[in-house]
Amino acid sequence: QVQLVESGGGLVQPGGSLRLSCAASGIRFNFYTMGWYRQAPGKQRELVATITPGGSANYADSVKGRFTISRDGAKNTVVLQMNSLKPEDTAVYYCNARGVVAYAINTNYWGQGTQVTVSS
């Protein structure tokens with residue numbers, strides 16, 4: 001059974017930092033590009049950042065220079081470090097695993113989401 005379990009969300013003031021973590025189980029981690037997406041109220045889900053099995057990262061323009069994505073193959077985790085947070089970063093953040101190697105291609109999994117609220 002595939003599970004993606006997010007943690008680390010919460011309430012933070014503008015300019016503050018949060019660290020989101022996603023623990024993956026039930027998948028061969030190095031067969032998947034891992035990513036973070038977010039969905040604000042009344043808006044569509046959007047990409048925040050992704051990282052390939054080889055460690056290549058991609059970011060939405062709105063978070064470049066503020067957010068950093070990383071992965072740990074030994075722990076099967078992906079982390080999103082968020083700095084200089086803005087109120088417009090408020091959303092539910094979702095962990096995603098997208099298969100990119102061998103039998104995993106075309107498989108796609110989501111976590112349950114974690115709330116991030118940036119407010120004074």
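Buried means under 20% relative accessible area, exposed over 50%, and partly exposed in between, with a 1.4 Å probe and protein chains only. The legends below describe a predicted model, in which local features need pLDDT of at least 70, side-chain atom pairs count only at pLDDT 80 or more, and totals for chains, interfaces and linings use all residues. Residues are numbered from 1 along each chain as its sequence is written, and side-chain values use heavy atoms, with hydrogens and water left out.

**View 1**
Thr33 is a residue of strand E4; helices (H or I, at least four residues) and strands (E, at least two) are DSSP runs, numbered from the N terminus. With a relative accessibility of 5%, Thr33 counts as buried. Contact means heavy atoms within 4.5 Å. Leaving aside neighbours within four places in sequence, Thr33 is in contact with Thr50, Ile51, Thr52 and Pro53, and also with Arg71, Asn96, Ala97, Arg98 and Val100.

**View 2**
Strands of a sheet pair through backbone hydrogen bonds, either parallel or antiparallel. Two strands are taken to pair if DSSP finds at least two bridges between them. Strand E4 (residues 32–39) and strand E5 (residues 46–51) pair in the antiparallel sense, over 5 bridges. Tyr37 has Leu47 of E5 as its bridge partner. This hairpin has 6 residues between the strands, and Gly42 takes a positive phi near 75°.

**View 3. The hairpin of E5 and E6.**
On to strand E6 (residues 57–59), E5 pairs in the antiparallel sense over 3 bridges. Ala49 stands opposite Tyr59 in E6. The hairpin of E5 and E6 has 5 residues between the strands, with Gly55 at a positive phi near 95°.

**View 4. Ala57 in strand E6.**
Ala57 is found in strand E6 and is partly exposed, with a relative accessible area of 42%. Not counting residues up to four places away in sequence, Ala57 touches Thr50, Ile51 and Ile69. From Ala57 to Leu47 the C-alpha to C-alpha distance is 12 Å, at a separation of 10 residues in sequence.

**View 5. The disulfide of Cys22 and Cys95.**
A disulfide is a pair of cysteine sulfur atoms within 2.5 Å, and a search of the whole structure finds 1. Cys22 and Cys95 form this disulfide, with their sulfur atoms 2.1 Å apart. The torsion about the S-S bond of Cys22 and Cys95 is about -80°, so the disulfide is left-handed. Cys22 lies in strand E3 (residues 18–25) and Cys95 in strand E9 (residues 91–99), so the pair ties together parts that are 73 residues apart in sequence. Cys22 is buried at 0% relative accessibility, and Cys95 is buried with a relative accessible area of 0%.

**View 6. The open sheet E1-E3-E8-E7.**
This open sheet of 4 strands has the order E1-E3-E8-E7, with antiparallel pairing. Strand E1 (3–7) and strand E7 (67–72) are the edge strands, each pairing on one side only. On average, neighbouring strands of this sheet are turned by 15° against each other, direction ignored; axes are lines fitted to C-alpha atoms, for helices over the stretch in contact, and angles run from 0 to 180 degrees between N-to-C directions. E3 and strand E8 (residues 77–82) run antiparallel and are joined by 6 bridges. Arg19 stands opposite Gln81 in E8.
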